[in-house]
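Opening the notebook on this one. I'll jot things down as I look them up.

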Amino acid sequence: MASTLPALERWVNDVAALTHPAHVHWCDGSQAEYDALVAHMLADGTLIELNQQTHPRCYLHRSDPRDVARVERLTVICHEHEEDAGPNNHWMAPAAAHAKMDALFAGCMRGRTLYVIPYCMGPIDSTLARCGVEITDSPYVVANMRIMTRMGAAAQARIEREGEFVRGLHSVGELDPERRWIMHFPAERLIQSFGSGYGGNALLGKKCHALRIASNQGRDEGWLAEHMLIVGIQNPQGKTHYIAAAFPSACGKTNLAMLIPPEGYRAAGWKVWTVGDDICWMRPGADGRLYAINPEAGFFGVAPGTSAATNPNALATIAHDTIYTNVAVTADNQPWWEGLPGTPVTDWQGRPYDPANGPAAHPNSRFTASARQCPTWSDQAEAPQGVPISAIVFGGRRPNLLPLVMEARDWTHGVLLGAAMGSETTAAAAGAVGVLRRDPMAMKPFCGYHYGDYFAHWLAFDRPGAKLPRVFHVNWFRKGADGRFLWPGFGENLRVLEWMLARVEGSASGMDTPIGTLPRPNELNLAGLKLAPGALDELLAVDRPGWQAELAAIGEYLAGFAPRLPPKLHAEQQRVVAALATPAPRAATAVA
Ligand code: O2Y
Ligand code: MN
């Protein structure tokens, strides 16, 4: 018997009977097991050794070129009723999805090893953590799950004690994009993924469990599973405030989570601590505050754009014990991507590098590294009770209109700011450039149920006794008339975080406007920063006609979630519309 939990033992036997593996291996999560897997993958070419002098214990994996990213059109939420999945998800009836997946999984592991991966999302002794078991036929997935989760014997012991776990069944199949599905069965706490070996499609603890299934668990149990980084900001007095922040992809989440303070701030004693770069689970504590854990134990970060200039902490993190996927390689066998010094000789597909073939590293190439390797890793990341959240930040890439920072007047307004979030597409994304894509709370690809119900769940946290975080919206990407960014971003963003914490501590009065509270110009510390003339005024301006159009667009977007749009959220949108229609008092100089 491999498990003392009959439900687990039975499920593994049932899957083995369906998939016919040559061997079954229960993962214990040990270093010896990891080393043996790596040796096996080096022998069969799944992994390639990188320069062991410059990058000890670092390896390269090249995925099938047809399998390089999450595929949203094949990602399905199988609630019994289509309305429960909402217009924000692809839906299939559970019975039809089961029939489809059973046919795909039948006999698919012949000649392969079936790995059983017990894992825990969150500190192993935390009541906020939740466990799962992934069955996979991919040793690459096992190695990545060992880095990304608390995997192995301790997780299995917790699962056997609690008797509860999320089930995840994964097979790479033949990697045929025509036979690929990532199915979620929230009521069964079950994930089934077939036909992809890549990232979010295959490491089922990450997006599938920690967001799509966990958002359902959180709704049922009274907590939030969010697509947010968690960062601790320590001020010169030694007080650390924790901030959770949601941004759509390509907005620098990992960079913010690992921010390096500007020189003057470092000298004054400011420090930044990384708790998580992608996912945050939050629950009210006995004192009414929201407490957060990062359910992950590692980073599955995008390589291009990571450099000494943008994120030295990430570079230090991935200098050893890292699995690279789809990066290029230099003449001396070091991993390489656009933005790094040096020259690639081999591209991500293993071909001699030729610029005519496109970038050397795939734009979605990745590194997988343990969070413990991050120089700014917080000692509170393992705290079973989580960290208390002082501020929630929403953000997007908005070249126009959205100010550098604004604060919601209350929780309901904060939920509206999150629901209205969006980003304009860049050249890096497929499709038209400069199109605004709404992405409420950055959860569009990850919310495992109807967005209308999700907004209602958020609103429900505002109840007697709650001491909720303040909610802000930031825009690091505002551009001037000349098309250049008005704000330098990166480490300088700490100046904006400092203002937020001054609001939290009651030491900044801010300026009330119809769209929220903005900093008075003298409340942002700009010492040592050279902004273009007039940039600050532009960054903090409120363009009333522009905002009237924006509120109309937000109203139209939210109407798409009727009849499940909470009336309270609609009323909040109407409140801001009315506030914008009221003539500006003369004192509110920022309002045009
Ligand atoms: O393409 C993938 O499978 C990875 S997507 C990803 C990875 C790490 C963190 N966030 C994301 C995301 O898409 O939000
Ligand atoms: Mn993400």
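I started with Glu-33, which sits in helix 2 (residues 31–44); helices here are DSSP runs of H or I with at least four residues, strands are E runs of at least two, and both are numbered from the N terminus. Housekeeping: this is a predicted model, where local features need pLDDT of at least 70, side-chain atom pairs count only at pLDDT 80 or more, and totals for chains, interfaces and linings use all residues. Residues are numbered from 1 along each chain as written, chains are lettered from A and ligands numbered from 1 in the order written, and side-chain values use heavy atoms, with hydrogens and water left out.

Next I checked the manganese ion (ligand 2): Lys-207 (NZ), His-227 (NE2) and Asp-278 (OD) coordinate it at 2.2 Å. Donors are N, O and S atoms within 2.8 Å of the metal (3.2 Å for Na, K and Ca), and water is not among the atoms, so sites may look incomplete. His-227 lies in the loop between strands 12 and 13, and Asp-278 in the loop between strands 15 and 16, 51 residues apart. His-227 is buried at 7% relative accessible area, and Asp-278 is buried at 11%.

Methods
Buried < 20%, exposed > 50% of the residue type's maximum accessible area, 1.4 Å probe, protein only.
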